[in-house]
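Reader: Please walk me through this structure, one question at a time, and tell me what your terms mean as we go.

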Amino acid sequence: MPQSSSARPLPQLLAIALIAWLEFLQNGMLNFASSHVMGGVGAGPEEFSLAAMAYALCAVVALFNHQWCVQRLGSRRHLQISVALFGLGALIAGNAQTPTAFIAGRAVQGLGGAAFFTAARLEVAQLPPAWRAAGLVAFGQALLLGSALGPLLGGMILRAGNWRGIFWAILPCLPAALWAAQRLPLRPPATSRPRYHSSAFIWLMAAAFLLQWLIQQLPYQLFGHPQRLLGLLLAALGCYAVLRLRHPGRASDREHWQALKQPAYLLGLLCYSGCYLLVSANSYILPAMAIQALGFDVPASGALLAISFFAGMGFAMLYAGLLRSRRPPGLAPTMLCGCLLLALYGWLMSGLNGEATKLRLMLILLLHGGFMSLFIMATAQRTFRDIAPAAFGHAYQTKNIVRQVSISAGIALATVFMQARNALHYSRLGENFSWNTPQFVDALHQLRQFMPDLSDTQRLGVLAGELARQATLLSCLDFFRLESWIALGLAASVPLLRKRV
């Protein structure tokens, strides 16, 4: 039965938070420990981005099927099965010995984890009106808390054990998630017919897989084997054509999608996509910057990266308080402020050098937290303001599909960017790694003075390690410089978005 507006659904708020944070906690730990995981299973950056693609693919298919599963299983049972699948995927990935097994584990986790974000947000919409604002705060803070604890716990786990603990650590959280699923209101299975024939999902999965693979392979094959990319595109279009033939559009389907054809909603999806892409790329590159380039130890790096998300929690609370004031800030100024914070963050990060201190990095990361909270909260207000309540579930389900694809694309593009820039900078720096250059001879002479117990062969190894560190640092600085320009482009587009909607 629906709760009255005077009820105090505190257990339901806690349940929403426990469900919402689980996926973000796992992905935060994994992104922080990406290099350790790749080394543990013998994978390269391409296989790691393929695992992210597999997670996103299975999540997209699960999200597309979310409402149908809820209708057939009921909301509680569907969420409980999702929690079980998420745990099973963690066990497979945590015990993986090969890249293939790791990718399979992440795919299973994607099938389960896809439901958490959408289910938690839809439960917020079902709260009594008097408690809906509190539900949104609990939901948003849980997402940021999970993202903050990811690198923080990841650093502690890597120091105490090995990379497998990144997945095993999520298992003790599952009983709390099952309790949370049990605390949500019971919505029994519906008797309505499924909107799509069962075979349609096979073609949907094939089309989604090929399109995601196309995104993942685009930077690797664009110049070397463009015919392979064309083949992937044609195959994906062929699968989509079969899907449309087997399930021709009906009037109910057109009505189902017509409610989402709102300019504010479509532009909001574009903003969401850009934001999640940048945040996921940062989550992949920041650990490389802190550990490999700046030489910070793993636990300290995890604590530093968590600062950004803890700052995001503070900015979110500040913005929520301003919204309740007499003169709440406008959406366009808030989005513009977020973009400028990101531009300043990228500019300051691109000016770091090998002598950067932890305090300086921490202060700069506060700006990134401000961008995440202000930009995405204002985008959420803009995106769903013209969506009818009856279409909210479908609109949020579609938005979450965009989120999964953008996160996968962000990791894939970040890995390719780092590989390309590392190769370039390593090649340029290596031009001076020769006995014929005065810089090399001077560096070796200094090492002989400071490390007299080492042989020349060992000293060459030290110089080679410094060469790799410098190449990684320069590549990271290139990324943040590019991010700053992207942020300025977003800031310039905000007034245009305001005119369109």
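Author: Happy to! Let's start with burial: a residue is buried under 20% relative accessible area, exposed over 50% and partly exposed in between, using a 1.4 Å probe and protein chains only. This is a predicted model, where local features need pLDDT of at least 70 and side-chain atom pairs count only at pLDDT 80 or more, while totals for chains, interfaces and linings use all residues. Residues are numbered from 1 along each chain as its sequence is written, and side-chain values use heavy atoms, with hydrogens and water left out.

Reader: Is Val-124 buried or exposed, and at what relative accessible area?

Author: Val-124 is found in helix 6; helices here are DSSP runs of H or I with at least four residues, strands are runs of E with at least two, and both are numbered from the N terminus. Taking contact as heavy atoms within 4.5 Å, and leaving aside neighbours within four places in sequence, Val-124 is in contact with Ile-16, Arg-132, Gly-135, Leu-136 and Phe-139. Val-124 counts as buried because its relative accessible area is 1%.

Reader: Which helices and how many strands does the chain have, and what share of its residues is buried?

Author: The protein chain has 19 helices and zero strands. Among its contacts between residues at least 6 apart in sequence, 84% join residues at least 24 apart. Of the 501 residues in the protein chain, the buried share is 50%.

Reader: Which helices do the buried residues of helix 5 pack against?

Author: Helix 5 (residues 75–94) has 20 residues and reaches 29 Å from its first C-alpha to its last, close to the 28 Å expected at 1.5 Å a residue; the expected span is 1.5 Å times one less than the number of residues. Its buried residues include His-78, Leu-79, Val-83 and Phe-86. The buried residues of helix 5 pack against helix 1 (10–32), helix 3 (45–64), helix 4 (66–73), helix 6 (99–125), helix 8 (165–168) and helix 9 (174–183).

Reader: How many residues of helix 3 are buried?

Author: Helix 3 reaches 28 Å from its first C-alpha to its last, close to the 28 Å expected. Helix 3 is mostly covered, with the buried count being 15 of its 20 residues.

Reader: How are helix 7 and helix 14 oriented to each other, roughly parallel or roughly antiparallel?

Author: The axes of helix 7 (residues 129–160) and helix 14 (residues 298–323) come within 7 Å and cross at roughly 170°; axes are lines fitted to C-alpha atoms, for helices over the stretch in contact, and angles run from 0 to 180 degrees between N-to-C directions. Angles under 35 degrees count as roughly parallel, over 145 as roughly antiparallel, 65 to 115 as roughly perpendicular and the rest as oblique. The crossing angle therefore makes helix 7 and helix 14 roughly antiparallel.

Reader: Which cysteine has the sulfur closest to that of Cys-271?

Author: A search of the whole structure finds zero disulfides, a disulfide being a pair of cysteine sulfur atoms within 2.5 Å. Cys-271 is buried, with a relative accessible area of 9%. Its sulfur is 7.9 Å, too far for a bond, from the closest cysteine sulfur, which is in Cys-339.
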